[in-house]
Amino acid sequence: MKIKHIIIAYSSIIAFASCNYLDYDETNGLNTREDIYRYFDKTKQMLTHVYTFMPQDFGVIGGAMRDCASDDAEFGATGGNIQDMTNGNWSAIKTRDDSWTLYKGIRAANEFLQSLEDVDLSRYEYNTNYENWMKQLGYFPYEARVLRAHYFFELARRYGDIAMPLKTLTTEEANAIGKAPFEEVIRFIVSECEDGANNLPATYVGQPNNETGRITKGFAMAVKSKALLYAASKQHNPSNNQEKWEASAKAAYDIIKTDLYQLDPNEKANNISSPEVVLFHMNGNSATFERNNFPIRFTEGTRSTPATATFPSQNLVDAFQTVNGYPVTLTDNGWKCEDPAFNPQNPYANRDPRFGRTILANGMTFKGSEIAVYKGGSDYTSVSEGGSPTGYFLRKYIQETTSFEADKEVVNKHHWIVYRYAETLLTYAESMVMAFKNPQYTNSDFPKSAEWALNEVRINAGMPTVSITDPNEFMKALQNEWRVEFAFEDHRFWDIRRWQIGEDTQKELYGVNIERATDGTWNFQRTLYKSRTWSQRMYLYPIPQSELFKNKNLNPQNMGLSLIHISEPTRQ
């Protein structure tokens with residue numbers, strides 16, 4: 001049985017209840033713990049339960065993707081919870097994106113690891129499956145430990161210093177545990193992932209059952225790399241310690257050296273055969289994402305209004321260059337672009353190929369029809385009636401074959417990309433240029449340059465290479481590359497924080513207003529859709545006040561980081 005099937009089948013029958021996310025509660029009475037761990041299949045199902053807590057973002061905040069709390073997008077529902085994350089009302093009472101529930105996954109991992117120590121299947125040694133069972137059992141603790149490390153990372157990038165329970169806790173213990181410093185959490189994650197990488201297979205192809213969606217050597221290395229990148233970034237490294245950047249570069253280069261993964265010029269979203277993707281979060285059939293995000297005329301009246309949809313911003317559209325590598329900006333006076341081939345009457349043509357995989361814009365073809373968001377067009381309507389507040393619709397992760405037509409309904413699977421190889425390359429590029437201040441720098445330990453890594457990603461996307469000698473200008477280009485390569489893959493929200501650029505990027509969200517003249521020409525006008533609120537405290541999540549009431553040792557509350565400005569490029 002594939003892991004994705006186990007998750008669907010078994011997660012529905014295991015329930016954990018608790019007065020505190022950090023404590024432990026027994027299973028719901030189907031079996032005693034001893035019964036569960038006497039059998040291989042049930043032991044494996046308990047590991048699968050640990051997998052089910054892996055975060056993904058097909059609308060994690062009341063239907064809104066997290067990028068709606070960044071300058072990349074707006075949420076259609078003006079009263080949606082995510083609006084508090086941009087209007088100044090985000091607080092310990094209104095947590096909105098409360099990821100404290102990740103402690104349930106950590107608790108499940110801790111319980112599994114403790115119980116696994118007592119598993120004894122020797123009575124089955126003559127069973128024909130025994131050898132395969134024992135091989136899988138050898139991987140199980142490392143899978144659970146890497147998952148736990150991943151959950152600790154997800155919590156640490158949200159809250160900074162966090163409680164780090166490494167065993168199942170009683171209620172009393174959970175209500176007394178203190179916080180570990182961020183750097184200590186990162187050291188633990190690195191150590192766990194190194195053990196995992198040394199003991200997990202590179203692939204489960206050829207392993208028992210040929211399962212997909214399980215933790216591999218590559219993902220263990222990826223979690224380590226990601227943790228070290230965040231530890232090196234300005235948010236947690238205000239003094240710009242070069243050794244932290246070198247450690248991040250080394251972790252990324254270790255992945256590059258494995259040759260386990262390669263860039264894929266094809267669409268990666270939902271493509272489980274892509275050689276670029278290190279780990280997918282597997283899901284079953286669903287039409288919810290399309291119901292929320294299709295232009296409303298394609299939902300056949302099945303969606304309520306206003307749209308619980310993610311709408312890309314003009315801010316993001318302006319990040320996509322022309323296919324020839326020239327910047328494009330919609331100003332108050334129309335389109336600005338120095339590319340001789342750019343046509344301001346057809347501004348979405350001949351853009352970075354990633355644009356068409358990310359955003360639906362006026363004139364693009366979708367489901368055999370032309371998207372028309374100009375005034376009077378078939379997709380032009382008020383926000384309250386389900387229209388786009390920005391003039392754009394989401395394309396990334398959308399399954400176009402999904403249909404809501406009566407008696408012809410079609411649903412599809414949506415597999416969330418947890419990590420892919422392009423992230424390794426951009427991590428390496430950023431770490432190298434921040435460590436050595438030279439985009440072309442190499443040495444015996446790092447024989448590839450930051451410029452090489454950035455250009456690998458651009459070439460794969462069908463974009464021209466860049467050659468930039470100034471490190472500040474290189475970082476501007478690299479930050480833009482992060483933005484367009486990983487749009488709506490849950491990166492921009494976090495990059496804003498680790499780079500500490502919220503003050504410069506999060507106050508104004510723009511859209512476009514399009515009108516068609518009687519002679520057939522187009523007029524594109526940039527519009528300020530919303531002025532937003534940004535404050536220093538938003539660099540970290542607020543600890544839920546409900547948790548602080550239970551455990552005073554989780555104080556102090558996150559009130560914002562000390563902003564120590566170092567020489568940095570102008571942010572995009």
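Student: In which segment is P556 found?

Tutor: Please bear in mind that this is a predicted model. Helix α18 covers residues 545–550, and P556 is found in the segment after α18.

Student: Is the peptide bond from N555 to P556 cis or trans?

Tutor: Most peptide bonds are trans. The bond from N555 to P556 has an omega near 5°. This peptide bond is cis.

Student: What is the phi of D259, and where is this residue found?

Tutor: Most residues other than glycine have a negative phi. D259 is not a glycine, yet its phi is positive. D259 is found in the loop between α9 (242–258) and β2 (277–281), and its phi is about 60°.

Student: Is D407 buried or exposed?

Tutor: D407 has its place in the loop between β10 (393–394) and β11 (412–413), and its phi is positive, near 70°. A residue counts as exposed when its relative accessible area is over 50%. The value for D407 is 76%, so the residue is exposed.

Student: How far does helix α13 reach from its first C-alpha to its last?

Tutor: Helix α13 runs over residues 421–436 and has 16 residues. At 1.5 Å a residue, a span of 22 Å is expected. The helix comes close to this, reaching 23 Å.

Student: How many residues of α13 are buried?

Tutor: Buried means a relative accessible area under 20%. Helix α13 is largely enclosed by the rest of the structure, because the number of its buried residues is 16 of 16.

Student: Which residue takes a positive phi just after α13?

Tutor: The positive phi just after α13 is about 60°. The residue is K437.

Student: How many aromatic pairs does the structure hold, and what kind is the pair of Y139 and Y204?

Tutor: The structure holds 38 aromatic pairs. In the pair of Y139 and Y204, the centres are 6.0 Å apart and the planes stand at 90°. Planes over 60 degrees apart count as edge-to-face, and the pair of Y139 and Y204 is accordingly edge-to-face.

Student: How many residues apart in sequence are the parts that this pair ties together?

Tutor: Y139 lies in helix α5 (residues 130–159), whereas Y204 lies in the loop between α7 (182–199) and α8 (217–232). Y139 counts as buried at 13% relative accessibility, and Y204 counts as buried at 4%. The pair therefore ties together parts whose separation in sequence is 65 residues.

Student: Is the pair of W482 and F486 stacked, edge-to-face or tilted?

Tutor: The ring centres of W482 and F486 are 5.7 Å apart, and their planes meet at 35°, so the pair is tilted.

Student: Which residue lies over the face of Y510?

Tutor: A charge lies over this ring at 4.1 Å from its centre. The residue is R526.

Student: Which residues lie nearest the centre of the second largest pocket?

Tutor: This pocket has a volume of about 470 Å³, and 21 residues line it. By class, the lining has 12 nonpolar, seven polar and two charged residues. Nearest the centre lie T203, T212, I272, V277 and V278.

Student: What distance separates the C-alpha atoms of E172 and I496?

Tutor: E172 lies in helix α6 (residues 171–174) and is exposed, with a relative accessible area of 59%. Along the chain, E172 and I496 are 324 residues apart. Their C-alpha atoms are separated by 37 Å.

Methods:
Residues numbered from 1 in each chain as written. Predicted model: local features only at pLDDT ≥ 70, side-chain atom pairs only at ≥ 80, totals over all residues. Heavy atoms only, no water. Helix = DSSP H or I, 4+ residues; strand = E, 2+ residues; numbered from the N terminus. Expected span 1.5 Å × (residues − 1). Buried < 20%, exposed > 50% of the residue type's maximum accessible area, 1.4 Å probe, protein only. 1 Å grid on protein atoms, 1.4 Å probe; cavity = no way out; pocket = protein on both sides within 12 Å on 5 of 7 lines; lining within 4 Å. Points joined across faces, edges and corners; volume = space filled by probe spheres on them. Nonpolar A, V, L, I, M, F, W, Y, C, P; charged D, E, K, R; others polar. Phe/Tyr/Trp six-rings, centres within 6.5 Å; stacked < 30°, edge-to-face > 60°. Lys NZ or Arg CZ within 6 Å of the ring centre and 35° of its normal.
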